[in-house]
Amino acid sequence: MTKKTFSKTELALLYAPELEPRSALNRLMMWIKHNRDLYAALLATGYRTNQKLFTAAQTALIFQYLGEP
């Protein structure tokens, strides 16, 4: 999958297509929060919890740490 900008919900649904959008987003955010190395790497890119989109660089980090959906 190409590294691109994703909305948080869009990316979450790629990881959990069987879930409702809000549940998928909650799951993805829990995975990110509990993966300390990933969370630290995201923060280093300027990530803020209230942002609506993951940048291409942030998406690449998520794929690196969690695997591609």
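**Entry 1: helix 4 and its end**

Helices here are DSSP runs of H or I with at least four residues, numbered from the N terminus. I am working on a predicted model. With that in hand, I went to the end of helix 4. Just after this helix, Gly67 has a positive phi of about 85°.

Next I asked which residues of helix 4 are buried. They are Gln58, Thr59, Leu61, Ile62 and Phe63. I then looked for what covers them.

**Entry 2: helix 3 against helix 4**

How do the axes of helix 3 and helix 4 cross? I took residues 36–44 for helix 3 and residues 56–66 for helix 4. Their axes come within 10 Å, and the crossing angle is roughly 170°. Angles over 145 degrees count as roughly antiparallel, so helix 3 is roughly antiparallel to helix 4. I also noted the hand of this crossing, which is right-handed.

Then I listed who meets whom. Helix 3 brings Asp37, Leu38, Ala41 and Leu42 to the contact. Helix 4 answers with Gln58, Leu61, Ile62, Tyr65 and Leu66. Sorted by class, the contact of helix 3 with helix 4 has seven nonpolar residues, one polar and one charged.

**Entry 3: two residues of helix 4**

I stayed with helix 4 and picked Tyr65, which has its place there. Is Tyr65 buried, partly exposed or exposed? Its relative accessible area is 34%, and buried means under 20% while exposed means over 50%, so Tyr65 is partly exposed. Not counting residues up to four places away in sequence, Tyr65 touches Asn35, Asp37, Leu38 and Ala41. I also checked Tyr65 against Tyr39: they are 26 residues apart along the chain, and their C-alpha atoms are separated by 9.8 Å.

Ala56 also has its place in helix 4. With a relative accessible area of 32%, Ala56 is partly exposed. Where does Ala56 make contacts, leaving out residues up to four places away in sequence? Ala56 touches Lys3, Lys4 and Thr5.

**Entry 4: helix 1 against helix 2**

I moved on to helix 1 and helix 2. Their axes are 8 Å apart, and the two helices pack at an angle of about 85°. The range from 65 to 115 degrees counts as roughly perpendicular, which means that helix 1 is roughly perpendicular to helix 2.

From helix 1 I wrote down Lys8, Thr9, Leu11, Ala12, Leu13 and Tyr15 as the residues in contact with helix 2. On the helix 2 side they meet Pro21, Ala24, Leu25, Leu28, Met29 and Trp31. The residues of this contact between helix 1 and helix 2 divide into 10 nonpolar, one polar and one charged.

**Entry 5: Lys8**

Lys8 has its place in helix 1, and I was curious how accessible it is. Lys8 is buried, with a relative accessible area of 8%. Leaving aside neighbours within four places in sequence, I found Lys8 in contact with Leu25, Leu28 and Met29, and also with Tyr47, Arg48, Thr49, Gln51, Lys52, Leu53 and Phe54. Lys52 is 44 residues from Lys8 along the chain, and their C-alpha atoms are separated by 6.0 Å.

**Entry 6: aromatic pairs**

How many aromatic pairs are there? I count four, taking ring centres within 6.5 Å as a pair.

One of them is formed by Tyr15 and Trp31. This pair is edge-to-face, with 5.9 Å centre to centre and 90° between the planes. Tyr15 lies in helix 1 (residues 8–15) and Trp31 in helix 2 (residues 21–34), so the pair ties together parts that are 16 residues apart in sequence. Tyr15 is buried, at a relative accessible area of 15%. Trp31 is partly exposed, at 31% relative accessible area.

Tyr47 and Phe54 form a stacked pair, with 6.0 Å centre to centre and 20° between the planes. I found both Tyr47 and Phe54 buried. Ring pairs link these two residues and Tyr39 into a cluster.

Conventions:
Residues are numbered from 1 along each chain as its sequence is written. This is a predicted model: local features need pLDDT of at least 70, side-chain atom pairs count only at pLDDT 80 or more; totals for chains, interfaces and linings use all residues. Side-chain values use heavy atoms; hydrogens and water are left out. Axes are lines fitted to C-alpha atoms, for helices over the stretch in contact, and angles run from 0 to 180 degrees between N-to-C directions. Angles under 35 degrees count as roughly parallel, over 145 as roughly antiparallel, 65 to 115 as roughly perpendicular and the rest as oblique. A crossing is left-handed if the near helix is turned anticlockwise from the far one by less than a right angle, and right-handed if clockwise. Contact means heavy atoms within 4.5 Å. Ala, Val, Leu, Ile, Met, Phe, Trp, Tyr, Cys and Pro count as nonpolar, Asp, Glu, Lys and Arg as charged, and the others, Gly among them, as polar. Rings of Phe, Tyr and Trp (its six-membered ring) pair if their centres lie within 6.5 Å; planes under 30 degrees apart count as stacked, over 60 as edge-to-face and the rest as tilted. Buried means under 20% relative accessible area, exposed over 50%, partly exposed in between (1.4 Å probe, protein chains only).
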